[in-house]
Amino acid sequence: MVMTKNSIHNLEEIASQVRRDIVRMVHACQSGHPGGSLGCTELLVSLYFEVMDRKEGFDVDGIGEDLFFLSNGHISPVFYSVLGRSGYFPVEELATFRKINSRVQGHPTTHEGLPGIRISSGSLGQGLSVAIGAAQAKKLNSDDSFIFVLMGDGELQEGQIWEAALYAPHNKMDNLIAIVDYNGAQIDGPTAEILSLGNLRGKWEAFGWNVLDIERGNHMQSVVNGLYKAKELSGNGRPTVILLHTEMGHGVDFMMGSHKWHGVAPNDDQLASALGQNRESLGDY
């Protein structure tokens, strides 16, 4: 167990509110991706409220602070909620999710100028390459802060990921921490049935990465410990990848473990049930 800036209880309270935000946002517009968002809640809360060293306000260059890139941009509800709850923009703006002319679109984009968004995402397979570029820039600028990037396990079925996976160890990007949302599900079904990833740990190790497994990816203490461990591995000339074992839809019983909820919005009764399972800890927007 590591010493934390915030108590694990406080982080769990934030996560409960974030889950409420997610289901309310997707329900309101009857569109979006709740399953993966709910599954990655502990990760995003841990990063933004505990692990990443961040500056006040938003500077797109990110000099002297840890940076996060979301590659699997369809899980934008959890990203927007965490950004709003951590002060990047008014949390009330979550009510505009997916509306015309909103800055809070279905997939994050940069041209709306939403604070906290560093890359447009949605077309899968590109985030790791962008993160490597940012990691190299920090090396060139003698900036010893970290780059984090989140990818889905289904996203690893795309080829550009593996070109980038070769490049990072070759260029000693040891300030780079990649995270795979290893929930075993994608929009079409189980990843193992659609296109098996095989021995995923062995693949990353063969490419020259440090590999960490966080077996309990929806257990806050385990996620915090794993992220700090990844930071401790820096400086050895190798990038680090975390295999984060999460459950799609975690925190809402009827969504848990089902790929059906990759991109389906709850109806009124389902929303009420989901909200009943997650306490309003910070106040609904």
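View 1. Strand 1 and strand 2 (residues 147-152) run parallel and are joined by four bridges. Two strands count as paired if DSSP finds at least two bridges between them. Strands (E, at least two residues) and helices (H or I, at least four) are DSSP runs, numbered from the N terminus. Strand 1 is covered on both faces: L67 and F69 are buried on one side, and F68 and L70 on the other. Here, buried means under 20% relative accessible area, exposed means over 50%, and partly exposed lies in between (1.4 Å probe, protein chains only).

Residues are numbered from 1 along each chain as its sequence is written, and side-chain values use heavy atoms, leaving out hydrogens and water. In this predicted model, local features need pLDDT of at least 70 and side-chain atom pairs count only at pLDDT 80 or more, while totals for chains, interfaces and linings use all residues.

View 2. The strands follow the order 1-2-3-7-6, with parallel pairing. At the edges are strand 1 (67-70) and strand 6 (210-214), each pairing on one side only. From one strand to the next, the twist averages 20 degrees. Helix 3 packs on this sheet, where it touches strand 1, strand 2, strand 3 (176-181) and strand 7 (240-244). The direction of helix 3 makes about 170 degrees with that of strand 2. Such angles run from 0 to 180 degrees between N-to-C directions, with axes fitted as lines to C-alpha atoms, for helices over the stretch in contact.

**View 3. R85 meets residues from several parts of the chain.** R85 belongs to helix 4 (residues 76-85). R85 counts as buried because its relative accessibility is 16%. Leaving aside neighbours within four places in sequence, R85 is in contact with Q17, D21, F49, V91, L282, G283, D284 and Y285; contact means heavy atoms within 4.5 Å. The R85 side chain reaches the backbone oxygen of G283 at 3.0 Å. For a sense of scale, the C-alpha atoms of R85 and H33 are separated by 19 Å, with the two residues 52 apart along the chain.

**View 4. Q186 reaches Q157 through its side chain.** Look for Q186 in strand 4 (residues 185-186). With a relative accessible area of 11%, Q186 is buried. Its side chain makes a polar contact with the side chain of Q157 (2.8 Å). A polar contact is a pair of N or O atoms within 3.5 Å; within protein, one must be able to donate a hydrogen and the other to accept it, and residues adjacent in sequence count only if both atoms are side-chain atoms. Not counting residues up to four places away in sequence, Q186 touches G154, Q157, T191, I194, H259 and H262.

**Setting for the views. The chain has 10 helices and seven strands.** Its C-alpha trace spans about 50 × 45 × 40 Å along the principal axes. Of its 285 residues, 56% count as buried.
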